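Please look through the sequence and the model below before reading on. The paragraphs that follow lead through selected features one at a time.

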Amino acid sequence: MRNIILIGMPGAGKSTIGVVLAKKLGYDFLDSDLLIQQTEGMLLHEIIEKKGQDGFNQIENQVNQSIHVENTVIATGGSVIYGEEAMRHLKQTGIVLYLELPYAELEERLGDLNQRGVSMRSGQSLISLYRERVPLYEKYADITFHCAGKTIHELVVGIAAALSEA
């Protein structure tokens, strides 16, 4: 099978679900945010502070379009959907799963957005970021998973079942 690419808002569970899903499927796991940090030698929030949101988005786009793996679950950063080239490349290498979470649950899960390295414009609120990104997640998703109120186990079992039917 090809790669499985997880997209969604920060805090939706992409990295956590990705690791467990990779174990269940016998796949490798790659966290593209960690790859960006390794490439740049800085934490995400440091890259955003130093290079700005646009600079970070360019780096994220370049790093994601340079990923060449097979049979890998790839957890992407929440802002990956701003990079058309990266998304086109990722869609060619696998199936894109959008981990959808209602805003209220997302807000509850997220702590300090700056420490998380969330790519957002100065003065932008989380709700406006959510409204801006959801249509892009929906645009690129091959499959949408509604994650509200579900455990990691329930999500991984559901995703694995859906993939076997795809």
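**A walk through the predicted model**

Threonine 93 is partly exposed, with a relative accessible area of 23%; a residue is called buried under 20%, exposed over 50% and partly exposed in between, with a 1.4 Å probe and protein chains only. This threonine belongs to helix α4, residues 84-93. Helices (H or I, at least four residues) and strands (E, at least two) are DSSP runs, numbered from the N terminus. From threonine 93 to glycine 41, 52 residues away along the chain, the C-alpha separation is 27 Å.

The model is predicted, and local features need pLDDT of at least 70, side-chain atom pairs count only at pLDDT 80 or more, while totals for chains, interfaces and linings use all residues. Residues are numbered from 1 along each chain as its sequence is written, and side-chain values use heavy atoms, with hydrogens and water left out.

Helix packing comes next. Two packed helices are described by the angle between their axes and the distance between the axes. Here axes are lines fitted to C-alpha atoms, for helices over the stretch in contact, and angles run from 0 to 180 degrees between N-to-C directions. Helix α2 (residues 32-40) and helix α3 (residues 44-65) have axes that come within 11 Å and cross at roughly 110 degrees. The two helices α2 and α3 are therefore roughly perpendicular to each other; angles under 35 degrees count as roughly parallel, over 145 as roughly antiparallel, 65 to 115 as roughly perpendicular and the rest as oblique. Helix α1 (residues 14-25) packs against α8 at about 55 degrees, the axes being 10 Å apart. The helices α1 and α8 are therefore oblique to each other.

Side chains of opposite charge can pair when their charged atoms come close. A salt bridge is a side-chain nitrogen of Lys or Arg within 4 Å of a carboxyl oxygen of Asp or Glu, and by this rule the count is three salt bridges. One of them joins glutamate 40 to lysine 51, with the closest N and O atoms 3.2 Å apart. This pair links distant parts of the chain, as glutamate 40 is in helix α2 and lysine 51 in helix α3, eleven residues apart.

Another salt bridge brings together the side chains of aspartate 142 and lysine 91, at 2.9 Å from N to O. Aspartate 142 lies in the loop between α7 (126-140) and β5, and lysine 91 in helix α4, so the pair ties together parts that are 51 residues apart in sequence. A further salt bridge is formed by arginine 109 and glutamate 105, whose closest N and O atoms are 3.3 Å apart. Because arginine 109 and glutamate 105 are four residues apart in helix α5 (residues 103-109), about one helical turn separates them.

Two loop residues complete the tour. Where is cysteine 147 found? Cysteine 147 sits in the loop between β5 (143-146) and α8 (152-165), and this cysteine is buried, with a relative accessible area of 1%. Cysteine 147 and glycine 18 are 129 residues apart in sequence and 13 Å apart in space, C-alpha to C-alpha. Most residues other than glycine have a negative phi, and most peptide bonds are trans. Asparagine 71, although not a glycine, has a positive phi of about 50 degrees. This asparagine is located in the loop between α3 and β3 (72-75) and counts as partly exposed at 32% relative accessibility.
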